[in-house]
Amino acid sequence: MYRREKYFNLVDYILGDNALDEDTACRACINRLYYCLFNELLDLKPDLKQIDSSYRGGSHENTIDRFCDFLKDQNPEYDKFIKIIKKDLETMSKHRQNSDYYKNNAHLDRYITKSGVETLKHMTMEILEKIDRVLE
C-alpha cells in the first residue's frame, strides 16, 4: 500500500540522520512504525475513527480491538491467526507508548537502539503481511 513504504523510508531516513542522537532517532522511528500500523487500520476500516463506547480503553486500544473483531467477523476461519495479529498490534502499541513517554521499562527499552528499531521494523512488516493474508 502507498503509505507503508513512506513510513519505512522515513524510518530509514531518521536512523541515518546524524543530526539526531540515537535515543531520539530510535524513539521517533518506533513511533512512526506504530503509526504505520495504526493508520493502516484506519485506512482499511475508516469507521474506526469513531470511538465505540462499548469497547474498553482509549482510542488506540479501541481501534485495535474493533479492527480485530472486524477481521474475525469477516474471516472466522482465521480466528487463531487474528489473535496473533491483535497481540502483535498491542505489543507495538506498548513500544510506542514507551518511546513517547519514557516509562523506563527494561524490556521495552532494549528496543530503543538501531538494532531494536530494525527488529520492530521487521515486526511491523510481518504484521502488515498477516493482515493482508487475512484480507485476501
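**Entry 1: a loop residue**

I started with Tyr78, which is partly exposed, with a relative accessible area of 21%. I use buried for under 20% relative accessible area, exposed for over 50% and partly exposed for in between (1.4 Å probe, protein chains only). Tyr78 sits in the loop between helix 3 and helix 4. My helices are DSSP runs (H or I, at least four residues), numbered from the N terminus. Which residues does Tyr78 contact, leaving aside its neighbours within four places in sequence? I found Arg133 and Val134, with contact meaning heavy atoms within 4.5 Å. I also checked Tyr78 against Arg66: they are 12 residues apart in sequence and 16 Å apart in space, C-alpha to C-alpha.

**Entry 2: what kind of model this is**

I noted that this is a predicted model, in which local features need pLDDT of at least 70, side-chain atom pairs count only at pLDDT 80 or more, and totals for chains, interfaces and linings use all residues. Residues are numbered from 1 along each chain as its sequence is written, and side-chain values use heavy atoms, with hydrogens and water left out.

I looked up the confidence next: pLDDT is the predictor's confidence in each residue, from 0 to 100. The protein chain has a mean pLDDT of 91, and 98% of its residues reach 70 or more. Among its elements, helix 6 has the highest mean pLDDT (96) and helix 5 (residues 106–109) the lowest (82).

**Entry 3: the core**

I then turned to the largest nonpolar core, which has 36 residues. Such a core is a set of buried Ala, Val, Leu, Ile, Met, Phe, Trp, Tyr and Cys residues joined through side-chain atoms within 4.5 Å. Which of its residues touch the most other members? They are Leu89, Met92 and Val117. Helix 1 (2–16), helix 2 (22–44), helix 3 (59–74), helix 4 (79–101) and helix 6 (114–135) each give two or more residues to this core. Helix 2 supplies the largest share, 12 residues.

Is Thr124 buried or exposed? Thr124 is buried, with a relative accessible area of 0%. Beyond residues up to four places away in sequence, Thr124 touches Phe8, Leu33, Cys36, Leu37 and Met92.

**Entry 4: helix pairs**

For axes I took lines fitted to C-alpha atoms, for helices over the stretch in contact, with angles from 0 to 180 degrees between N-to-C directions.

Helix 2 and helix 3 pack at about 55°, with axes 11 Å apart. That makes helix 2 oblique to helix 3, since angles under 35 degrees count as roughly parallel, over 145 as roughly antiparallel, 65 to 115 as roughly perpendicular and the rest as oblique. Residues in this contact include Tyr34 and Phe38 of helix 2 and Ile64 and Phe67 of helix 3.

The axes of helix 3 and helix 4 come within 10 Å and cross at roughly 165°, so I logged the two helices as roughly antiparallel to each other. Among the residues that meet here are Cys68 in helix 3 and Leu89 in helix 4.

Last, I checked helix 4 and helix 6, whose axes come within 10 Å and cross at roughly 145°. Leu89 and Met92 of helix 4 are among the residues in this contact, as are Thr124 and Ile127 of helix 6.
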